[in-house]
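Work through the following exercises with the sequence and the model side by side, and try each task before reading its solution.

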Amino acid sequence: MRSEETVRIVVLGAGAGGGLPQWNCGCPQCAAARQGLIAPMSQSTLAVSVDGEGWVLLNASPDLRQQLAACSSLHPKGLRDSPVKAVVVTNGDVDHIAGLLTLREKTGFTLHATEATHRVLLENAVFGVLDPALVERRTITLDQPFSPLPGLMVTAYAVPGKVPLYLEDGAPDLAMLGEQTVGLRLQSGEHEAHYVPGCAALPDWLVDRLTPAAAVLFDGTIWTDDEMPRSGTGAKTGARMGHIAMSGAGGSLERLAGLRGRRIYTHVNNTNPALIPESAARIAIAAAGWEIASDGMEVVL
Ligand code: MLT
Ligand code: MN
Ligand code: ZN
């Protein structure tokens, strides 16, 4: 196998917004993480490389500074430089964009986002700290492959989702198909993987698209749709947050039962009981062949 066809995916942060433990949460999973019984998770970011030298970040979480520090492949090789050559964001959620502020210190990279998400960044003046002379903002056209690194092709496609929480106005369309929430197809040579950290529903066309991939890293936010109201941690259902549940009729376990490659849940919320190794949720997931991502996990294709 030629080296440029090896895709290396590192999960820098496997958690959903808030991470594990979340600062204000005393749920069983957050408590277990504080007690050292289960591994903590930082927030939702992947790093991908095909040559081990240049890397693209998929999303930029608020924990990015620590995530870069924890991954030696992402350390500078010179006085002022970084192996991080590009960032691709899948939506404008805080857990996916706040880390851009960490990347402000005068090293260039290319920032890929849809026009809708670029607009969100432009309208929030604080992102102006990314010096336009160094950080090139490139617009992703849906369904049109682009190359954030030599040898790696990425195609963004709309998946059912909603606008970011802070842009909700009244009752948002919860499963809109547009530029606000995208999935990413990663491709190098014969290798194909998908990254879909936020997804409200799994229509047949999306199931078909994910089925042949060697690896799918998919929205693992919640186990049951009513998990937050039922556990007393919040009022919102998964559907209201734009996240499909793992379990139940029409859930991702059922809909994605036919995936051919490695199946990995990421963007896992701290309320998700599958984080507890002996839970019924974890047992069901494992029986269906799913892994739960963890910080530092590597997927090599
Ligand atoms: C989500 O994934 O639903 C968002 O990250 C929620 C948030 O903005 O905290
Ligand atoms: Mn999120
Ligand atoms: Zn919690």
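**Exercise 1.** Find how much space lies in the second largest pocket, and say which helix gives the most to its lining.

*Solution.* About 450 Å³ of space lies in the second largest pocket, where a pocket, on a 1 Å grid over the protein atoms alone, is an open set of points where a 1.4 Å probe fits, with protein on both sides within 12 Å along at least five of seven lines, and lining residues have an atom within 4 Å of a point. Its lining has 18 residues, and Leu68, Pro76, Asp81, Ser82 and Glu105 are those nearest the centre. Helix α2 (residues 64–70) gives the most to this lining, with three residues.

This is a predicted model, in which local features need pLDDT of at least 70 and side-chain atom pairs count only at pLDDT 80 or more, while totals for chains, interfaces and linings use all residues. Residues are numbered from 1 along each chain as its sequence is written, ligands are numbered from 1 in the order in which they are written, and side-chain values use heavy atoms, with hydrogens and water left out.

**Exercise 2.** Determine which pocket holds ligand 1, and which residues surround this ligand.

*Solution.* Ligand 1 sits in the largest pocket, meaning that more than half of its atoms lie within 2 Å of the pocket's grid points. The volume of the largest pocket is about 700 Å³. Around ligand 1 stand Asp93, Asp95, Met241, His243 and His267, each with a heavy atom within 4 Å of it.

Note on methods: Grid points are joined across faces, edges and corners, and a volume is the space filled by probe spheres set on the points. Helices (H or I, at least four residues) and strands (E, at least two) are DSSP runs, numbered from the N terminus.
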